[in-house]
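This report walks through a single protein model for a reader who is new to structures. Please keep the sequence and the 3D view at hand while reading.

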Amino acid sequence: MKTLIVEDETRVVSFLKKGLKNANYEVFVAEDADSAEKLVAENEFGFILLDWMLPGRSGLEICQSWRQQGIEVPIIVLTARDTTKDIVTALDSGADDYIVKPFSFSELLARMRALQRRFSDKSIHKELKIEDLTLNVQRREAKRGDTIIYLSTREFSLLEYLMQNTGNVISKAKISEHVWGFTFETRTNLIEVYINHLRKKLDCGSKTPLIHTIKGAGYVMKNFNL
Ligand code: CA
């Protein structure tokens with residue numbers, strides 16, 4: 001999972017970087033607000049670990065501005081401040097959790113796992129949306145504009161998986177693993193068949209294709225032509 005560390009203290013950065021890499025997180029580092037904002041605009045992060053005291057704009061200021069922009073990444077604020085008032089201020093700025101320095105790395109990982117669970121529970125109830133296509137996961141309903149699209153269980157799972165990864169290229173191997181629960185032989189064209197069915201159903205009456213084939217790499221859902 002892509003994780004962004006926003007921290008100006010080299011010692012803390014290297015401690016976090018090492019631990020997170022060992023725990024299989026893909027780590028990015030920003031030392032100030034501007035570079036953090038740039039990275040967030042360019043990447044889809046699963047986590048942000050945000051230091052409060054940064055040179056220039058503070059961590060809480062960036063946090064607030066991300067939330068105002070509708071960026072929903074789980075954010076944990078790192079700080080040496082530990083009064084109740086500080087904690088309240090941090091959480092009110094839109095942070096999801098708060099950890100006081102110095103902290104143990106295992107505690108941080110546990111908090112990250114807990115947050116991840118909370119977020120994935122939340123996404124179950126969420127409506128996925130791209131262009132005029134909406135997928136209500138709870139009601140198992142797909143719509144393009146006002147038209148309901150009838151999908152088989154497998155088609156629905158495939159569409160849900162693609163929409164959860166909007167903008168990212170998903171390989172056939174990943175699709176078979178997530179949607180069918182196992183990896184099948186690369187010779188089979190089952191996925192192509194399913195993708196074609198989905199395309200036909202989704203594109204009925206619409207001129208904007210949403211599922212794109214990336215030759216040799218897989219498929220991507222995007223709201224514009226590649
Ligand atoms: Ca700092």
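## Overall layout

The protein chain is divided into two parts, domain 1 (2-120) and domain 2 (127-221), and the centres of domain 1 and domain 2, taken over C-alpha atoms, are separated by 32 Å. The model is predicted, and every value below should be read with that in mind. Along the principal axes, the C-alpha atoms of the protein chain fill a box of roughly 55 × 40 × 30 Å.

Within the protein chain there are 8 helices and 11 strands. The chain has 226 residues, of which 42% count as buried.

## The calcium site

Which residues coordinate the calcium ion? The donors are Asp-8 (OD), Asp-51 (OD) and Met-53 (O), at 2.2 to 2.4 Å from the ion, and in sequence these donor residues follow the spacing D-x42-D-x1-M. The pair Asp-8 and Asp-51 links distant parts of the chain, 43 residues apart: Asp-8 belongs to the loop between strand E1 (2-6) and helix H1 (10-22), while Asp-51 belongs to strand E3 (residues 47-51).

Asp-51, with a relative accessible area of 3%, is buried, because buried means under 20%.

When its neighbours within four places in sequence are left aside, Asp-86 is in contact with Trp-52, Arg-81 and Tyr-98.

## Two packed helices

Two packed helices are described by the angle between their axes and by the distance between those axes. Helix H7 (residues 172-180) and helix H8 (residues 190-202) pack at an angle of about 75 degrees, and their axes are 10 Å apart. H7 and H8 are therefore roughly perpendicular to each other, because angles of 65 to 115 degrees count as roughly perpendicular.

On the side of H7, the contact is made by Lys-172, Ile-175, Ser-176 and Trp-180, and on the side of H8 by Leu-190, Ile-191, Glu-192 and Tyr-194. Sorted by class, the contact of H7 with H8 has 5 nonpolar, 1 polar and 2 charged residues.

## Backbone details in the loops

The peptide bond from Lys-101 to Pro-102 is cis, with omega near -5 degrees, and Pro-102 is located in the loop between strand E5 (97-100) and helix H5 (105-124).

Asn-24 is not a glycine, although its phi is positive, at about 70 degrees. This asparagine, Asn-24, lies in the loop between H1 and strand E2 (26-30), and with a relative accessible area of 66% Asn-24 is exposed. Glu-131, a residue other than glycine, likewise has a positive phi, near 55 degrees. Glu-131 sits in the loop between strand E6 (127-130) and strand E7 (133-136), and at 37% relative accessibility Glu-131 counts as partly exposed.

How values were computed
Residues are numbered from 1 along each chain as its sequence is written. This is a predicted model: local features need pLDDT of at least 70, side-chain atom pairs count only at pLDDT 80 or more; totals for chains, interfaces and linings use all residues. Side-chain values use heavy atoms; hydrogens and water are left out. Donors are N, O and S atoms within 2.8 Å of the metal (3.2 Å for Na, K and Ca); water is not among the atoms, so sites may look incomplete. Helices (H or I, at least four residues) and strands (E, at least two) are DSSP runs, numbered from the N terminus. Buried means under 20% relative accessible area, exposed over 50%, partly exposed in between (1.4 Å probe, protein chains only). Axes are lines fitted to C-alpha atoms, for helices over the stretch in contact, and angles run from 0 to 180 degrees between N-to-C directions. Angles under 35 degrees count as roughly parallel, over 145 as roughly antiparallel, 65 to 115 as roughly perpendicular and the rest as oblique. Contact means heavy atoms within 4.5 Å. Ala, Val, Leu, Ile, Met, Phe, Trp, Tyr, Cys and Pro count as nonpolar, Asp, Glu, Lys and Arg as charged, and the others, Gly among them, as polar. Domain bounds come from an automatic or database domain assignment.
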